[in-house]
Amino acid sequence: MTFGGAGGLFEVIGGLPQHDVDTLIGNSLDAGVNFIDTANIYSYGESETMLSKSLGSRRKDVVIATKVFGRMGKGANQVGLSRLHIMQEAEASLERLNTDYIDLYQIHGFDSLTPLEETLSAMTDLVRQGKVRYIGCSNLAAWQIMKALGISALGHLEKFVSLQAYYAVGARDLEREIAPMLLDQKVGLLVWSPLIGGLLSGKFTRSGSTDEQARRAKFSFPPVDMEKIYNIVDALQAVGQRKGASVAQVALAWLLHQPVVTSVIIGARKASQLKDNLGSVDVKLDEQDLKQLDQVSSLPLEYPGWMLAGQGSDRRPGTVRDWSRFVVATAK
């Protein structure tokens, strides 16, 4: 998403020119990275084109994922997940990527105006034509994914093999419904914004930012509770000191320790950031580290979560049922 700068917003997010993209892609491949995620909407096609130029003959060494849904023009048919838009944008992405197939083609969101049957049928045709290997989704609710999986099963259509979603030690919303569903259905999770737009990079503390040019300083997304983030950064720093690791490395390592996570998408803008991020694979967190981070970041249980946790303990050996914290002391 940081490649290119067309459309204003993407200049703020990244604005990287081709020579910087070449450096990041080259360093990533040399380090063993073999999965690259982009989208047609990123700089309105520039990202895909720049990625293709950087990969060159090494395209065969990577899994390329791109997406479809966002508006690519002013026309009524230049947005959404209709058969028309999907087919048009798949061909356009293939041309920009200079490849004859897309490894993972993802819908970038939920289109309330197009039946899922139509979307899945179009994606299935792309697979059968050899233009797409697998299909995935992004930014969907648990019920929407389950509905799509059901439609695929009943209609003998291709099914979503992965979800790309927002997840971080400071943003654990998907643990309520989505994560249990993914584990149950054996759907992969590709994490976007694992450092919450740079908030977990170590550059942002209660005393302020150490980098006024950081993306987060210009573009406050995703939305967060800053006080909670500061507490989490404090914990990340404490764990990092024990491990000899940076704040960003510990935040990424936490994700790599979560059983629901398949891969983590990093969006470094500088070679130094990339090197630091890649070092997270060598950070091993123990029970003490994970407990310390969980204490400052875990979600409060909501109904039916607390009921399921209490009732389900009888069915899961080794768990302890504790209703005491839900009991209101109204009598002596």
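**Ring contacts, parallel strands and nonpolar cores**

Arg59 lies over the face of Tyr101, at 4.2 Å from the ring centre. Arg133 has its charged end over the ring of Tyr101 as well, 3.9 Å from the centre. A charge sits over a ring if NZ of Lys or CZ of Arg is within 6 Å of the ring centre and within 35 degrees of the ring normal. The model is predicted: local features need pLDDT of at least 70, side-chain atom pairs count only at pLDDT 80 or more, and totals for chains, interfaces and linings use all residues. Residues are numbered from 1 along each chain as its sequence is written, and side-chain values use heavy atoms, with hydrogens and water left out.

Parallel strands come next. Helices (H or I, at least four residues) and strands (E, at least two) are DSSP runs, numbered from the N terminus. Two strands pair if DSSP finds at least two bridges between them. S1 and S2 run parallel, joined by 3 bridges. Asp37 has Ala65 as its bridge partner in S2. S1, H3 and S2 form a right-handed β-α-β unit; right-handed means that, with the strands pointing away from the viewer, the path from the first strand over the helix to the second runs clockwise. Strand S2 (residues 63–68) has 5 of its 6 residues buried, so the rest of the structure largely encloses it. Buried means under 20% relative accessible area, exposed over 50%, and partly exposed in between (1.4 Å probe, protein chains only).

S2 and S3 are also parallel, with 4 bridges. Thr66 pairs with Tyr105 in S3. The chain passes from S2 through helix H4 (residues 83–97) to S3, in a right-handed β-α-β crossover. S3 and S4 run parallel through 5 bridges, and Ile107 has Cys137 as its partner in S4. S3, H5 and S4 make a right-handed β-α-β unit. Strand S4 (residues 132–138) is mostly covered, with 5 of its 7 residues buried. Gln164 in S5 is the bridge partner of Ser138. S4, H6 and S5 make a right-handed β-α-β unit.

The largest nonpolar core holds 81 residues; Tyr105, Tyr167, Leu189, Leu200, Leu236 and Leu293 touch the most other members. Helix H10 (residues 247–256) contributes the most to this core, 8 residues. Another core lies apart from it, with 5 residues, among them Phe10, Ala39, Ile41 and Tyr42. A nonpolar core is a set of buried Ala, Val, Leu, Ile, Met, Phe, Trp, Tyr and Cys residues joined through side-chain atoms within 4.5 Å. Beyond its neighbours within four places in sequence, Leu293 is in contact (heavy atoms within 4.5 Å) with Val169, Ala235, Leu236, Val239, Val250, Trp254 and Leu285.

There are 6 aromatic pairs in the structure. Rings of Phe, Tyr and Trp (its six-membered ring) pair if their centres lie within 6.5 Å; planes under 30 degrees apart count as stacked, over 60 as edge-to-face and the rest as tilted. Phe10 and Tyr44 are edge-to-face, because their centres are 6.1 Å apart and their planes stand at 85°. Phe10 is buried at 6% relative accessibility, whereas Tyr44 is partly exposed at 45%. Phe10, Tyr42 and Tyr44 form one aromatic cluster. Phe110 is partly exposed, at 30%, and Trp143 is exposed, at 54%.
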